[in-house]
Amino acid sequence: MYTSRNALFFVAMLVAVCNAPALAQGLPSAAADAQLLVQGTQLGEAMFEPGATSTGGNGQAVDGVEGSSNEMLKTHFHAHLSLFYKGKQIAIPYGIGIVKPFRVENGFVASGQGYYWLHTHDATGIIHIESPDDRAYTLRNFFNIWGQPLSERNVAGLKGPVHAFVDGKPYKGKVSDIRLKAHAQITLIVGEPLVTPPVYAFPGTL
């Protein structure tokens, strides 16, 4: 059953699809939980291809994280990553950390040849942490699996001063050292203008 808030999310989804058709294939279907949207923002522009890159995780171990054939669920939680470049939100692509070939259904990667312990199933910015142990993971690990650079002046090839926020508060340390924790709200803003970090509504199942 959907609440009035969820109805607003569906409206936001329709606006995003109409205004950003290039991203439409990366959106979750209407059958998915409407809370797979960021409150007050669109999902963003599609600037990256789905899945791992030639320099990222394609089955080989990355930072000691394996691209195993099965999901590991001894430790299982989710964090959210929002990315902005020059004031515009950029979509985090689906299929990061899922080894190709994978099967995509309405913008959701339903299966693949293997799963890294850090991965994305869709373009909402949810990072799935599904590990065989309780080791600590950082944003650096996720970007290394993605095969993209991450520093104080470069986020996935988007260059400029980087402002990081965790749970709505400015983060003063190295951006690559940000810990992935359950329901962490991580926002990276590259360049100007600064924007208010969005609040993500995790689905009840996550």
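## Contacts across the chain

Among contacts between residues at least 6 apart in sequence, 67% join residues at least 24 apart. These values come from a predicted model. The chain has two helices and 15 strands.

How many of the residues count as buried? Of the 206 residues of the chain, 50% do. The accessible surface of the chain is about 9700 Å². Carbon and sulfur atoms account for 54% of that surface.

## The nonpolar cores

In soluble globular proteins, nonpolar side chains tend to be buried together. Here the largest nonpolar core has 35 residues. Leu139, Phe143 and Leu188 have the most contacts inside this core. Several elements each supply at least two of its residues: strand 2 (75-85), strand 9 (126-131), helix 2 (139-146), strand 13 (162-166) and strand 15 (185-190). Which element gives the most to this core? Helix 2 does, with five residues.

Now take Leu188. Leave aside its neighbours within four places in sequence. Among the residues that Leu188 then contacts are Leu81, Ser82, Leu83 and Phe84. Leu139, Phe143 and Leu150 are also in contact with Leu188. A second core is separate and has five residues, including Tyr94, Ile98, Val109 and Tyr115.

## Helix 2 and Trp146

Helix 2 is mostly covered, with six of its eight residues buried. The buried ones are Leu139, Asn141, Phe142, Phe143, Ile145 and Trp146. Gly147 follows helix 2, and its phi is positive, near 85°.

Trp146 is found in helix 2. Why does Trp146 count as buried? Because its relative accessible area is 1%, and buried means under 20%. Apart from neighbours within four places in sequence, Trp146 is in contact with Phe48, Gly51, Thr53, Gly56, Pro93, Ile96 and Ala156. Trp146 and His119 are 27 residues apart in sequence. In space, their C-alpha atoms are 8.6 Å apart.

## The cavity

Rolling a probe the size of a water molecule over the atoms shows where empty space is left. The structure holds one cavity of 30 Å³ or more. About 40 Å³ of space lies in the largest cavity. Eleven residues line the largest cavity, and Leu81, Gln89, Ile90, Ile92 and Thr124 are the closest to its centre.

Strand 2 and strand 3 (88-90) are the elements that give two or more residues to this lining. Strand 2 gives the most, with three residues. What classes of residue line the largest cavity? Seven are nonpolar, four are polar and none is charged.

## The second largest pocket

The second largest pocket holds about 150 Å³ of space. Its lining includes Glu152, Val162, His163, Ala164 and Phe165. Pro170, Tyr171, Lys172, Gly173, Val175 and Leu194 line this pocket too.

Which element gives the largest share of the lining? Strand 13 does, with four residues. By class, the lining of the second largest pocket has seven nonpolar, two polar and two charged residues.

Technical notes: Residues are numbered from 1 along each chain as its sequence is written. This is a predicted model: local features need pLDDT of at least 70, side-chain atom pairs count only at pLDDT 80 or more; totals for chains, interfaces and linings use all residues. Side-chain values use heavy atoms; hydrogens and water are left out. A nonpolar core is a set of buried Ala, Val, Leu, Ile, Met, Phe, Trp, Tyr and Cys residues joined through side-chain atoms within 4.5 Å. Buried means under 20% relative accessible area, exposed over 50%, partly exposed in between (1.4 Å probe, protein chains only). Contact means heavy atoms within 4.5 Å. On a 1 Å grid over the protein atoms alone, a cavity is a set of points where a 1.4 Å probe fits but cannot get out, and a pocket is an open set with protein on both sides within 12 Å along at least five of seven lines; lining residues have an atom within 4 Å of a point. Grid points are joined across faces, edges and corners, and a volume is the space filled by probe spheres set on the points. Ala, Val, Leu, Ile, Met, Phe, Trp, Tyr, Cys and Pro count as nonpolar, Asp, Glu, Lys and Arg as charged, and the others, Gly among them, as polar. Accessible areas come from the Shrake-Rupley method with a 1.4 Å probe; for residues, only the protein chains shown count as cover.
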